[in-house]
Amino acid sequence: MADRKAELVMELDALNEQIRALEEALEVKPDYGMGVGDPAVTQWELDQALLERLKIHADGLRDAIARYESGKYGICERCGKPIHPDRLAVLPDTTLCIDCAQKGR
Ligand SMILES: [Zn+2]
């Protein structure tokens, strides 16, 4: 299980790199005077949305690492059963087992 944590930390590091690069790129806002539908503006907005998603993902990974450190990683938050490793491989920051996830929040 220790490898899994190293993977999470590596993923978070990579994500932080991406967030930093994107934040730098977004500091330069394209000129809206060009008009709506300008490709530079559209790209800027897409990057902004991407940045938000990356940040949410980074938060999830930080949570996962914290749960790891308290020995709760891979345990369903709702029912306390272990989360299937296949599910964790796809969704490393999930807090619910497949059964609870399917029942909804
Ligand atoms: Zn569960």
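This is a predicted model: local features need pLDDT of at least 70, side-chain atom pairs count only at pLDDT 80 or more; totals for chains, interfaces and linings use all residues.
Visitor: Let's begin with the metal. Which residues coordinate the zinc ion?

Guide: Look for four cysteines: the SG atoms of Cys76, Cys79, Cys97 and Cys100 coordinate the zinc ion at 2.3 Å. Along the sequence, these donor residues follow the spacing C-x2-C-x17-C-x2-C. Cys79 and Cys97 link distant parts of the chain, being 18 residues apart. You will find Cys79 in the loop between helix 2 (39–69) and helix 3 (85–90), while Cys97 lies in the loop between helix 3 and helix 4 (98–103).

Visitor: What arrangement do the four donor atoms make around the zinc ion?

Guide: Angles are the thing to read here. Four donors count as tetrahedral if all angles lie between 85 and 135 degrees. In this model the angles run from 104 to 115°, so the arrangement is tetrahedral.

Visitor: Is Cys97 buried or exposed?

Guide: Buried means under 20% relative accessible area. Cys97 has 7%, so Cys97 is buried. Cys79, at 35%, is partly exposed.

Visitor: Now the domains. How much area do domain 1 and domain 2 bury between them?

Guide: The size of an interface is often given as the accessible area lost when the parts come together. Here the assignment gives domain 1 (2–73) and domain 2 (75–105), and they bury about 650 Å² between them, 50% of it on carbon and sulfur atoms. On the domain 1 side, Arg4, Arg67 and Tyr73 lose the most area to domain 2, together 59% of what that side buries.

Visitor: How many salt bridges are there between domain 1 and domain 2?

Guide: The count is zero.

Key. Residues are numbered from 1 along each chain as its sequence is written. Side-chain values use heavy atoms; hydrogens and water are left out. Donors are N, O and S atoms within 2.8 Å of the metal (3.2 Å for Na, K and Ca); water is not among the atoms, so sites may look incomplete. Four donors count as tetrahedral if all angles lie between 85 and 135 degrees; four count as square planar and six as octahedral if opposite donors are over 155 degrees apart and all others between 65 and 115; anything else is irregular. Helices (H or I, at least four residues) and strands (E, at least two) are DSSP runs, numbered from the N terminus. Buried means under 20% relative accessible area, exposed over 50%, partly exposed in between (1.4 Å probe, protein chains only). Domain bounds come from an automatic or database domain assignment. Buried area is the accessible area (1.4 Å probe) that two parts lose on being put together, summed over both. A salt bridge is a side-chain nitrogen of Lys or Arg within 4 Å of a carboxyl oxygen of Asp or Glu.
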